[in-house]
Amino acid sequence: MTAPVRMSRRRFTFATAGLAGFALLAACGGDDGDTEGELKGDIIVDGSSTVFPITMAAAEEFSLKHSGVRVSVGVSGTGGGFKKFAAGETDISDASRPIKPSEAEAIAAAGFDYIEIPVAYDGLTVVVNPENDWVDCLTVDELKKMWEPAAQRTITNWNQIRDGFPDLPLDLFAPGVDSGTFDYFTEAIVGEAQSSRGDFQASEDDNVLVTGVSGSRSAIGYFGFSYYVENTDKVRGVPIDSGNGNCVESTFATVADGSYQPLSRPIFIYVRKDAAERPEVDAFIKYYLSKEFTPLISSPEVGYVQLGDDVYAALTQRFADRVTGTLWPNGAEVGASLDRYMQ
């Protein structure tokens with residue numbers, strides 16, 4: 001099998017996946033053979049569409065070193081990925097939020113342990129159609145008014161959000177309920193995960209959301225920052241005022257320094273402890289956290305914010321020590337740092 005075409009990873013992989021989000025062959029290897037040992041085997045990954053580009057990039061790069069290892073990466077949303085993980089169908093679960101207590105209980109009931117690894121920072125970007133000429137900033141309170149459950153079939157027009165906004169229907173697009181992005185947005189904006197109006201157009205595929213917002217002048221939606229970066233020619237990002245009067249855009253800098261609140265967050269992979277004992281999985285995770293790969297996380301091809309070298313070093317040691325369980329016992333925490341992994 002020939003090596004993968006070296007083009008934008010998100011365009012390559014989602015063009016292959018289409019809208020179904022089924023497992024994708026990510027590691028094909030080149031003609032040079034395995035340059036770092038004769039590793040062989042299959043690694044199965046599923047879960048978050050937000051984390052997908054990072055894992056896909058790691059798989060592609062890893063395949064150039066280990067042609068005998070095949071990594072397949074699926075997209076079924078964070079919640080859907082954890083269901084497959086608990087059912088024993090995957091080795092690694094991509095997650096755009098920490099594991100929920102109920103998901104951790106399901107995994108414990110299945111009789112295996114997992115290793116939790118944050119891999120990058122991501123922002124959630126609120127986007128509108130480029131022809132929208134009335135929104136230059138939105139407050140958290142305005143977003144809550146727009147998205148809370150009480151808004152369903154009640155808040156349906158832009159002129160209900162702020163005086164001076166036009167008489168145009170709210171055309172809402174958002175990730176589906178199995179998405180960790182949906183969980184985090186509702187937690188950060190509405191105050192409770194999964195608490196949202198239901199009369200919006202939902203998709204687990206962020207490219208569908210981009211198409212929806214770009215096709216309607218009165219549309220508004222949200223998705224991961226990296227997809228916004230890739231689609232600035234199709235949608236316009238909206239700065240957010242968290243309540244202090246400052247409108248902050250989502251950028252690499254504001255996500256990294258924590259000033260883009262409350263819509264910045266860490267994103268994760270979860271590894272079965274028994275799978276980590278397989279040489280190919282052990283090598284893949286070590287590569288994922290290595291100084292060789294992590295700078296690619298912030299590259300234009302991937303588009304996230306990498307963690308500090310000291311954090312990756314601590315995570316590498318935690319993985320080597322096979323430290324299991326979650327450091328987020330209550331699930332997602334808005335605005336929380338990763339200092340807990342440095343202990």
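The following dialogue explains how to read the packing and pairing features of a predicted model.

Colleague: Which conventions apply to this model?

Modeller: The model is predicted, so local features need pLDDT of at least 70 and side-chain atom pairs count only at pLDDT 80 or more, while totals for chains, interfaces and linings use all residues. Residues are numbered from 1 along each chain as its sequence is written, and side-chain values use heavy atoms, with hydrogens and water left out.

Colleague: How many helices and strands are there in the protein chain?

Modeller: Helices (H or I, at least four residues) and strands (E, at least two) are DSSP runs, numbered from the N terminus. The protein chain has twelve helices and 13 strands.

Colleague: What percentage of the residues of the protein chain count as buried?

Modeller: Buried means under 20% relative accessible area, exposed over 50%, and partly exposed in between, with a 1.4 Å probe and protein chains only. Of the 343 residues of the protein chain, 57% count as buried. Gln317, in helix α12 (residues 309-320), counts as partly exposed because its relative accessibility is 43%.

Colleague: What share of the contacts in the protein chain with a separation of 6 or more comes from residues 24 or more positions apart?

Modeller: Contact means heavy atoms within 4.5 Å. Among contacts with a separation of 6 or more, residues 24 or more positions apart account for 78%.

Colleague: Which residues touch the most other members of the largest nonpolar core?

Modeller: A nonpolar core is a set of buried Ala, Val, Leu, Ile, Met, Phe, Trp, Tyr and Cys residues joined through side-chain atoms within 4.5 Å. The largest core here holds 67 residues, and Ile54, Ile117, Phe284 and Ile285 touch the most other members. Helix α2 (residues 52-65) provides the largest share of this core, seven residues. Another core, of 34 residues, lies apart from it and includes Val128, Trp134, Phe182 and Tyr260.

Colleague: Leaving aside neighbours within four places in sequence, with which residues is Phe284 in contact?

Modeller: With those neighbours left aside, Phe284 is in contact with Ile43, Thr55, Ala58, Ala59, Phe62, Val71 and Ile92. Phe284 is also one of the buried residues of α11, a helix in which eight of ten residues are buried.

Colleague: At what angle do the axes of α2 and α11 cross?

Modeller: Axes are lines fitted to C-alpha atoms, for helices over the stretch in contact, and angles run from 0 to 180 degrees between N-to-C directions. The axes of α2 and helix α11 (residues 279-288) come within 10 Å and cross at roughly 115 degrees. In this contact, Ile54, Thr55, Ala58, Ala59, Glu61, Phe62 and Lys65 of α2 meet Glu280, Ala283, Phe284, Tyr287 and Tyr288 of α11. Ala, Val, Leu, Ile, Met, Phe, Trp, Tyr, Cys and Pro count as nonpolar, Asp, Glu, Lys and Arg as charged, and the others, Gly among them, as polar. The residues of the contact of α2 with α11 divide into eight nonpolar, one polar and three charged.

Colleague: Why is helix α6 described as largely enclosed by the rest of the structure?

Modeller: Helix α6 (residues 180-190) is largely enclosed because ten of its eleven residues are buried. Among them are Phe182, Tyr184, Phe185 and Ile189. The buried residues of α6 pack against α3 (77-86), β5, α5 (140-147), β7 (171-175), β9 and β13.

Colleague: In which sense do β5 and β13 pair?

Modeller: Two strands pair if DSSP finds at least two bridges between them. β5 and strand β13 (residues 264-272) pair in the antiparallel sense over nine bridges, with Pro118 opposite Phe268 and Tyr114 opposite Arg272. Five bridges join β5 to strand β9 (residues 219-224), also antiparallel, and Val126 stands opposite Tyr222 there. Strand β4 (residues 92-95) pairs with β13 in the antiparallel sense over four bridges, and Ile92 has Val271 as its bridge partner.

Colleague: Are the residues of these strands buried or exposed?

Modeller: In strand β5 (residues 114-128), 14 of 15 residues are buried. In β13, nine of nine are buried; Ser264, Pro266, Phe268, Tyr270 and Arg272 lie on one side, and Arg265, Ile267, Ile269 and Val271 on the other.

Colleague: In what order do the strands of the open sheet stand?

Modeller: The order is β6-β11-β12, with mixed pairing. The edge strands, β6 (138-139) and β12 (247-248), each pair on one side only. β6 and strand β11 (residues 240-241) pair in the parallel sense over two bridges.
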